[in-house]
Amino acid sequence: MSEAESADLTSGDVQGLTLSRGLKSGGLRRVGAIDIGTNSTHLLVASVDPALGTFSIIQAEKSTTRLGERDPETGELSAAAMERGFKTLRRFLDLANSHQVEQVVTAATSAVREAPNGRDFLQSIKDELGIEVDLVSGPEEARLIYLGVLSGMSFGERPHLLLDIGGGSTELILADSRDARALTSTRVGAVRLQRDFIKEEPLSPQRRSFLQAFIQGSLEPAVDKVLRRIKSGEKPVLVATSGTAMAIGALAASEDDRPPLKFHGYKVSRSRLDRVVERLVVMTPAQRREISAINDRRAEIIVPGALILQTTMKMLAVDGLVLSERALREGLIVDWMLRQGLLEDRFSFQSSIRQRTVIHQVQRFAVNQERAEKVASHALTLYDRTKGVIHQDDGQGRELLWAASMLHTCGQHINLSAYHKHSWYLIRHGELLGYSEAEHLMVAAIARYHRRSLPKKRHESWQALITRENRKCVAEMSLLLRLAAAIDRRPEPVVMSLSVDASQHQLRIELVPDRSNRDLSLEQWSLESCAETVQAASGVELSVSVQG
């Protein structure tokens, strides 16, 4: 299959090719992806061919759940919106399971992210429907959009600007075929603007000018960031995705003698887009509903969405855009394939996104990387040798333990005193791409509890952990990090490795020095001082010795 063929797996010919080859080789896998957005919730069911490293969409569903219609006084998700969400998710899960998917990956974005009761909503979903929804941050949402667009479009050697206009936020990304250079998310979206600023339509000239100024002011930091990272001589391609962009593309295409059968890859000039916008802003919602290319709900919010698109193009000084049908939900499929080790080639760099984002934070906060790597190595040795004794983790915690180990001293960047608390704050409010919101909180909490007191109910870092399972994982992983960090007593690592023997109520650790006759009494004393905490947390008795 050529690169051009594999770039767009939604086309009929290529989809058939992917499926037929997959059926010959066997081993097709099915996965579902649910995107819980501000205006609508989407389901994709994908057929993944591990041999080819490709996927095709076999089912796509959308439901207008309108989670963005929050309580105007409290900002909370309304009971009606949550009920719409529950009904849709229940139906989508039944549909995905009917395709015998092996997993459903789910993400919630700005509406749930910003609502005071958003996490309670996600906990209710887990309790009632049995699925754990990832609450993704703005930058992580942008990264998933990048993966989705990249899966359906060949970037070649040119950088691309990706614009996704959602109901509650707008993501602007500068990327090439290897990596994303800038990931931004701004709290300006079609539903948000409609709710907050549009009371009467058609818009008056004054109200339109106000909206354009507000949009420009909101997007300026994001636009400035991406423009600074465009290299001299480069001319990026603007790619627009989302329902707003597709609807505007359909209206623009209606001027063609032969409108395209599909809009993925369709090009819209800035002058044509301006004509579409001018046509829309002078219409009432009722008049827009008469347009076949716009559904009823889109007719209500397309004007603010169109103004975001038009204003962004003006700020970026581009004269046209390309439409992409792929975005966050396809990105969820790609991210799942990356975690399963099923993608290489142009996605290979993204497969290490978790490790690279942690190392970036290590460097940002001037953490001693050599010492951090040694602590992480000891922590992972303890993890591997103490399963069933210190922890009952199924594998998820190992990667979180590594990340926390690498970053556990970053709080020293602020102050040595109580630096573990500063570490929690820096990690919690830093950028960890590739991690869900829940995983991000867990990494921060593992680092927080690697020293001093054990977790307490009153601690903010403990209260932030949503589920009982997350708290159990943090308690176990932080205990392992506590032991590994206790060995890190000197500027240069002197413990080469650990010999660990764990039984039901005993944990024996033998320190192996980096050279013969090395005095490790300091490290032995430090590790033995953890014995009381280990006993209190796990009921296990700790004993420490030094080899030789």
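In what order do the five strands of the open sheet stand? I opened my notebook with that one, keeping in mind that this is a predicted model.

**Entry one: the sheet.** I read the order as β3-β2-β1-β4-β5, with mixed pairing. I then looked at the edges: β3 (54-63) and β5 (134-135) each have a single partner strand, so one side of each lacks a neighbour in the sheet. Next I followed β4 (residues 103-108), which pairs with β5 in the parallel sense over two bridges. One detail I noted is that Ala107 has Asp134 in β5 as its bridge partner.

**Entry two: salt bridges.** How many salt bridges does a search of the whole structure find? I wrote down 35. Here are some I looked up.

I began with Asp35 and Arg329, whose side chains meet at 3.7 Å, N to O. Asp35 sits in strand β1 (residues 29-36) and Arg329 in helix α13 (residues 328-339), so this pair ties together parts 294 residues apart in sequence. Are these two buried or exposed? Asp35 counts as buried at 9% relative accessibility, and Arg329 also counts as buried, at 19%.

I turned to Glu469 and Lys126, with their closest N and O atoms 3.5 Å apart. Glu469 belongs to helix α20 (residues 468-486) and Lys126 to helix α5 (residues 118-129), so I was looking at a link across 343 residues. Glu469 is partly exposed, at 47% relative accessible area.

My last pair was Arg275 with Glu255, at 2.9 Å, N to O. Arg275 is partly exposed at 44%, and Glu255 is partly exposed at 40%.

Notes:
Residues are numbered from 1 along each chain as its sequence is written. This is a predicted model: local features need pLDDT of at least 70, side-chain atom pairs count only at pLDDT 80 or more; totals for chains, interfaces and linings use all residues. Side-chain values use heavy atoms; hydrogens and water are left out. Two strands pair if DSSP finds at least two bridges between them. Helices (H or I, at least four residues) and strands (E, at least two) are DSSP runs, numbered from the N terminus. A salt bridge is a side-chain nitrogen of Lys or Arg within 4 Å of a carboxyl oxygen of Asp or Glu. Buried means under 20% relative accessible area, exposed over 50%, partly exposed in between (1.4 Å probe, protein chains only).
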